[in-house]
Amino acid sequence: MWTMWISIAFLVGLSSAWGATWWIRYQRRNRFTRIDTNLAKQQFQLRREWLETEFMKEAAASGKPRGLRWVDVEFGNDVQFACDEANGLLRAFISVTVRFEAIEGGDMEGVEAVGNLRAATGVFEYDGQRWVANPRAIFNLSPNQAILHFKHRTLSID
């Protein structure tokens with residue numbers, strides 16, 4: 001008798017967990033539909049300088065690429081916006097030019113190409129309330145190529 005009640009309780013708990021998981025995924029997937037993209041664009045422009053500073057600080061602290069120190073990041077003017085439907089995030093992609101220097105005693109010390117400027121794309125994320133800097137730079141891809149690579153849906157924001 002008790003085993004039957006335990007089995008029923010287990011099934012109820014399992015179905016509740018599945019339902020909660022489904023609801024969370026549904027909310028994430030559909031969050032971008034509730035985002036006011038024009039407001040998001042305005043907020044990005046207002047906070048852009050701060051976001052660029054945060055990007056540089058977080059990317060430099062990441063320790064990647066190994067053996068290199070972030071010296072400077074120059075941001076382009078063009079911003080491409082796209083939705084990551086899997087996570088329900090709005091993202092801003094900006095072309096960047098990065099300059100590194102070798103860390104003394106590291107693997108890259110003495111490599112001539114270290115000082116070369118590197119083209120990349122900087123990524124920023126909007127969760128419906130605020131923009132944050134994603135410290136990952138996507139090297140060797142333009143903003144449009146990065147959007148296509150990650151299969152985001154491009155937004156045309158006027």
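Glu52 is buried, with a relative accessible area of 18%, where buried means under 20% relative accessible area, exposed means over 50%, and partly exposed lies in between (1.4 Å probe, protein chains only). The model is predicted, so that local features need pLDDT of at least 70 and side-chain atom pairs count only at pLDDT 80 or more, whereas totals for chains, interfaces and linings use all residues. Residues are numbered from 1 along each chain as its sequence is written, and side-chain values use heavy atoms, with hydrogens and water left out.

Side chains of opposite charge can pair when their charged atoms come close. Six salt bridges are present in the structure, a salt bridge being a side-chain nitrogen of Lys or Arg within 4 Å of a carboxyl oxygen of Asp or Glu. In one of them, Glu52 is paired with Arg48, and the closest N and O atoms are 2.6 Å apart. Arg48 is likewise buried, its relative accessible area being 12%. Both residues belong to helix H2 (residues 37-61), and because they are four residues apart, about one helical turn separates them; helices (H or I, at least four residues) and strands (E, at least two) are DSSP runs, numbered from the N terminus.

A further salt bridge is formed by Glu101 with Arg69, for which the closest N and O atoms lie 2.8 Å apart. This pair links distant parts of the chain, since Glu101 is in strand E2 (residues 89-102) and Arg69 is in strand E1 (residues 68-84), 32 residues apart. Glu101 is partly exposed, with a relative accessible area of 34%, and Arg69 is also partly exposed, at 32%.

Asp84 and Arg91 meet through their side chains in a salt bridge of 2.7 Å, N to O. Asp84 is buried, with a relative accessible area of 8%, and Arg91 is buried as well, with a value of 11%.
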